[in-house]
Amino acid sequence: MLLDHFMIFMFIIPLTMAVGTFDGYATINNHIAKPNCPAACGNITVPYPFGIGTDCSLNRKFNLTCNTSFEPPRLFVGGLRIYNISDSELRVFTTLSYRCYNQKRIPNSSWTDLAEFYTFSVKNKFTVVGCDDYALITDRNKDGFSSGCFGLCRQVGSVPKGECSGIGCCQMSIPKGLSSYNITMNSLKNHSGVMSFNKCGYGFLVEEGLYVFGGVTDLSGDYRDFFLKIRSMTVVLDWVIESEGKCANKVNECKSKSSCYDVDGGRGYRCKCNEGYDGNPYLHPGCQGQSNSS
């Protein structure tokens, strides 16, 4: 599972980060994190209910790992590297499935699986790049989502740069609520007719608008060059407090001056500050009046 136990790398938070007290507890970074807990990993803010360490998050589902062996340190949820966290979304860096036809060893595709309170946002696009390629994307549910996308072209002159319209590049939407996916790469003729300018096919999920098809450049380059191009692009995850919970049930996570709201589709709930207040709705003492939040 994505959120199995991981080694936790803790930060030492300088006392100067505490800007006040409430009931004897230090107020750190305007109530971003629990008292005496790290509010950031490198340059990424870690707001509660997320936390680095078991005692710093709402529960183990929200435990994150800060790997300090990198400079700057990198933040992870399971094996996925985090780009940023917001009040409803979490962005992680994309992963790449590929298949090359001039190599003896062909990499296998693998599952990307999320915990139950994360789902892949509909802001993402399933993308296939290649001239003799089709890729299938499926989830783990027995009768769940399964679809495919074709990237086809016969000659260099027919490939339009910047357009992902099926000629060398294909994009499609994914359904709401998808929590796992597997990309399986295939070819119609093993690239026999396009090997001179296209040896590899690629499949990946990416936030809409980030990937711009490079035309022949993306098709003819080495797969390592293509990986370098997309490795800084992101995938959007939606997160909720409880995947099957609803506000109609007893909810204790929403603190003072905040309220609960159900996520569209009935897949859990979140908390938000009431109008005229801001702060962290999950963290004691709750949201504060805007005039008092500075």
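Let me start at helix 2: its buried residues pack against strand 10 (96–100), strand 13 (124–129), strand 18 (200–207) and helix 1 (216–220). Helices here are DSSP runs of H or I of at least four residues, strands are runs of E of at least two, and both are numbered from the N terminus. Buried means under 20% relative accessible area, exposed over 50%, and partly exposed in between, with a 1.4 Å probe and protein chains only.

A word on the source. This is a predicted model, in which local features need pLDDT of at least 70 and side-chain atom pairs count only at pLDDT 80 or more, while totals for chains, interfaces and linings use all residues. Residues are numbered from 1 along each chain as its sequence is written, and side-chain values use heavy atoms, with hydrogens and water left out.

Back to helix 2, residues 223–230. Which of its residues are buried? They are Tyr-223, Phe-226 and Ile-230. These residues sit on the same side of helix 2 because they cover an arc of only 55 degrees around the axis, taken from the directions from the helix axis to the C-beta atoms. At the N-terminal end, Asp-222 caps helix 2, with a side-chain oxygen 2.8 Å from the backbone nitrogen of Arg-224.

Next, the cores. A nonpolar core is a set of buried Ala, Val, Leu, Ile, Met, Phe, Trp, Tyr and Cys residues joined through side-chain atoms within 4.5 Å. The largest has 41 residues, and Phe-50, Leu-75, Leu-90 and Phe-126 touch the most other members. A second, separate core of 20 residues includes Cys-100, Val-129, Val-194 and Tyr-202. Beyond four places in sequence, Phe-126 touches residues including Ile-137, Cys-149, Met-172 and Phe-204; contact means heavy atoms within 4.5 Å.

Now a loop residue. Asn-102 lies between strand 10 and strand 11 (111–113). Asn-102 counts as partly exposed because its relative accessibility is 46%. Leaving aside neighbours within four places, Asn-102 is in contact with Met-195 and Lys-199. Asn-102 and Lys-199 are 97 residues apart in sequence, yet 6.4 Å apart in space, C-alpha to C-alpha.

For the whole chain, there are 2 helices and 23 strands. Buried residues make up 46% of the 294 residues. Of the contacts with a separation of 6 or more, 61% are between residues 24 or more positions apart.

Note on methods
Polar contact = N/O pair within 3.5 Å; in protein donor to acceptor, adjacent residues only side chain to side chain.
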